[in-house]
Amino acid sequence: MAFLSKIELKQGVDLRALARAIPKNAYAEHQVIWALMAREREQSRDFLFRREHVGHWPVFYVLSSQSPTQPQDGPWSVHTKAFTPRLSASQRLGFVLRANPVRTTKASSEPADKRRQRHDVVMDAKRQEHAKVVEPAMRSSQAQLVQQAGPRWLEERAERAGFSLEAL
């Protein structure tokens, strides 16, 4: 069973407490969600989340295999329900994805070396383009690289994950 949760700030919380509670970056957002999921440090992450805004305030939507905890104190309110979508083969779905796509490669060409390195796909595309295109004015913008490398990364995973992509 899966769970879909909406995590939002409680009404009437002191402004100073709100300022301390609102995550300042993506890492801090992940830590807020992790704390509400009551996970052990060694446990693997079994949830996905997305940050949205309602007015000026953050709201998180979390899809997880376990129900998050309802904090007794603190500024966050958690609303959870069972997530049991009824999907059928060839059904078409729209989605918005915010991801940090990476590729994992061997750290060296030595056969005995088992180490792996993770590379951000956009930065990797940028490095490759800089090696090929010497003139800076002829290089793609960061936004263009994101629009090229991101869908390519997702398409590489599509068949194995049981979906396909359609261009809009």
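Me: What share of contacts in the protein chain between residues at least 6 apart in sequence joins residues at least 24 apart?
Reply: That share is 52%, where a contact means heavy atoms within 4.5 Å. Please keep in mind that this is a predicted model, in which local features need pLDDT of at least 70, side-chain atom pairs count only at pLDDT 80 or more, and totals for chains, interfaces and linings use all residues. Residues are numbered from 1 along each chain as its sequence is written, and side-chain values use heavy atoms, with hydrogens and water left out.

Me: Why is the pair of Trp34 and Phe47 called tilted?
Reply: Rings of Phe, Tyr and Trp (its six-membered ring) pair if their centres lie within 6.5 Å; planes under 30 degrees apart are stacked, over 60 edge-to-face, and the rest tilted. Trp34 and Phe47 are 5.6 Å apart centre to centre with 55° between the planes, so the pair is tilted.

Me: What makes Trp34 count as buried?
Reply: Buried means under 20% relative accessible area (exposed is over 50%, partly exposed in between; 1.4 Å probe, protein chains only). Trp34 has 13%, so it is buried. Phe47, with 3%, is buried too.
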